[in-house]
Amino acid sequence: MNSTLSYDDYCTEIVTQADLLASTLTKDTALTTSVPSCPDWNLAQLLRHLGETHRWVEEIVRTRATEPPPDTALRTLPRDTTQTPAELAAWLAEGAGLLATTLRATSPDTRIWTPLPSGSPLFFARRMAHETVIHRCDATLALGAHFAVDRHVAIDTMDEWMELGSLPEMFDFHPDRRELLGPGRTLHFHATDTPPEAAADWLVDLTGDALAWRRSAEEAAVSVRAPLTDLLLLIYGRRPADDEAFEVLGDAELLDFYLARVLFG
């Protein structure tokens, strides 16, 4: 796993992002508000899913689990809730804090179960930091507010998405992704609001036997230019490619095909 943030950075971001999400809730927030980017959920379900996920991972790390514990609580999400926004916000922040504390008390290379290759708390620290970023985005957009994320966090969130999506195991989970492979199929994503030293360029190469990516500003069959946060929302399926934020140069059909096949999940 190649990451640009440290283990402690990820622990910090889990708490920071959860606190930012909690701060968007007011006493007047309607927890029944639909979440367009997670169309099966309302706001209460989204928050409960994230909080239960934090607690599920905390148990795995704390017990040094060698197989996953039951995940019913983070999958079965009743639409109704008796909790107030303040109560749900406090519960969410509590779970994030518990997870960060447990991670910090555990060596990042401890051997534990993880759903994808790694088998270490570092995998979960990174995954939970970015899971919290994206679900904060979901909640923020559902409430009609502006979403923003620090550059260094957004870049690592992009990197992790590219890395996970390119794992050979993804063909086992999503066989239809093999249809992406073919000659001349390359995509370039360029962040227009970052300094050169950030190297915020991602080249997706579909010309071989597997999905591949690298940080590169090479020419490609299709290139997408946009501010960094908008690129992040594009690849996570939170913003459509025809949004005015994006300048698409080249094979737009390849872009649409790629985005449809690599939806995160």
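The model is predicted, so to speak of local features takes pLDDT of at least 70 and side-chain atom pairs count only at pLDDT 80 or more, while totals for chains, interfaces and linings use all residues. Residues are numbered from 1 along each chain as its sequence is written, and side-chain values use heavy atoms, with hydrogens and water left out.

**Thr-114 in its loop**

- Thr-114 sits in the loop between helix H4 (85-104) and helix H5 (121-142); helices here are DSSP runs of H or I with at least four residues, strands are E runs of at least two, and both are numbered from the N terminus.
- With 10% relative accessibility, Thr-114 counts as buried (buried is under 20% relative accessible area, exposed over 50%, partly exposed in between, with a 1.4 Å probe and protein chains only).
- The Thr-114 side chain reaches the backbone oxygen of Leu-116 at 2.7 Å, and one of its polar atoms lies 2.8 Å from the backbone nitrogen of Gly-119.
- Neighbours within four places in sequence aside, Thr-114 is in contact (heavy atoms within 4.5 Å) with Gly-119, Ser-120, Phe-123 and Phe-124.

**Strand S1**

- Strand S1 (residues 186-191) is largely enclosed by the rest of the structure, because 6 of its 6 residues are buried.
- Thr-186, His-188 and His-190 cover one side, with Leu-187, Phe-189 and Ala-191 on the other, all buried.

**Who S1 pairs with**

- S1 pairs with strand S2 (residues 201-205) in the antiparallel sense over 5 bridges (pairing takes at least two DSSP bridges between two strands), and Leu-187 has Val-204 as its bridge partner there.
- With strand S4 (residues 222-226), S1 pairs in the parallel sense over 5 bridges; Val-224 in S4 is the bridge partner of Phe-189.

Definitions and conventions. A polar contact is a pair of N or O atoms within 3.5 Å; within protein, one must be able to donate a hydrogen and the other to accept it, and residues adjacent in sequence count only if both atoms are side-chain atoms.
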